[in-house]
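Good morning, everyone. Please look at the screen while I bring up today's protein.

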Amino acid sequence: AQKVTGPSSCLVGYENDLESMRDVVESLRQASGPGTNTAAGSSMLPAGMNLSGPARIFRDWVDFSQLPPFDKISKFFHFTIYGGSATVDGLTLKMFAPVPPGLKP
């Protein structure tokens, strides 16, 4: 938190990327498997993508069922801390994401 906050910080947040990405990856893998409903996979898309027929179009681009089990890629995720502040000069957003322990030599 010391790396992202300051005297005028008005926003501080923490995200456990390891656990949140576990849910996202596993949900995408299951929603994209053979014989699944493509609409289920589209619910994982950001609403702001504004794609017409996002389930069909996005599924043409990416086959999430080919993602490896999360345990095989979990070493790439750890946590993120962010902080924000506002001044008359504008908005500042700082983020700190350390190298995950599984990637350290």
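How far from Asp17 is the nearest side chain of opposite charge, and which residue is it? The residue is Arg22, and the distance is 12 Å. Asp17 is buried, yet has no salt bridge. Keep in mind that this is a predicted model.

So where does Asp17 sit? Asp17 belongs to helix 1, which covers residues 17-31. What does its side chain meet there? The side chain of Asp17 makes a polar contact with the side chain of Thr80, at 2.5 Å. Now the neighbours. Leave aside residues up to four places away in sequence, and Asp17 touches Arg22, Phe77, His78, Phe79 and Thr80. Notice that Arg22 is on that list of contacts. Still, Asp17 has no salt bridge.

Let me step back to the whole chain. The protein has 105 residues, and 24% of them count as buried. There are four helices and three strands. Along the sequence, the pattern reads β-α-α-α-α-β-β.

Next, salt bridges. How many does the structure hold? Three. Let me go through them.

Begin with Arg22 and Glu19. Their side chains meet in a salt bridge at 3.3 Å, N to O. Both residues lie in helix 1, three residues apart, which is about one turn of the helix. Are they buried or exposed? Arg22 counts as partly exposed because its relative accessible area is 25%. Glu19 is partly exposed too, at 36%.

Arg22 also has a partner elsewhere. Asp71 forms a salt bridge with Arg22, and the closest N and O atoms are 3.4 Å apart. This pair links distant parts of the chain: Asp71 is in helix 4, residues 70-73, while Arg22 is in helix 1, and 49 residues separate them. Asp71 has a relative accessible area of 60%, so Asp71 is exposed.

Then comes Glu26 with Arg29. Here the closest N and O atoms of the salt bridge are 3.1 Å apart. Glu26 and Arg29 are both in helix 1, again three residues apart, about one turn of the helix. Arg29 has a relative accessible area of 24%, so Arg29 is partly exposed. Which residues do shared partners join into one network? Glu19, Arg22 and Asp71.

Now the outside. The protein exposes about 7400 Å². Carbon and sulfur atoms supply 57% of that area. One spot deserves a look. Leu11, Leu93 and Met95 form a nonpolar patch on the surface. Together, these residues have about 320 Å² of accessible area. Find Met95 in strand 3, residues 90-96. Why does Met95 count as exposed? Because its relative accessibility is 59%, and the cut-off for exposed is over 50%.

To finish, go back to Asp17 on your screen. Asp17 is buried without a salt bridge, and its side chain has a polar contact with the side chain of Thr80. Then look at Arg22, which has salt bridges with Glu19 and with Asp71. Last, turn to the surface and find the patch of Leu11, Leu93 and Met95. Thank you.

Key. Residues numbered from 1 in each chain as written. Predicted model: local features only at pLDDT ≥ 70, side-chain atom pairs only at ≥ 80, totals over all residues. Heavy atoms only, no water. Patch = residues over 30% accessible without salt bridge, like charges linked within 9 Å, V, L, I, M, F, W, Y side chains within 5 Å. Areas by Shrake-Rupley, 256 points an atom, 1.4 Å probe, with all protein chains shown as cover. Salt bridge = Lys/Arg side-chain N within 4 Å of Asp/Glu carboxyl O. Helix = DSSP H or I, 4+ residues; strand = E, 2+ residues; numbered from the N terminus. Buried < 20%, exposed > 50% of the residue type's maximum accessible area, 1.4 Å probe, protein only. Lys, Arg positive; Asp, Glu negative; His and termini not counted. Polar contact = N/O pair within 3.5 Å; in protein donor to acceptor, adjacent residues only side chain to side chain. Contact = heavy atoms within 4.5 Å.
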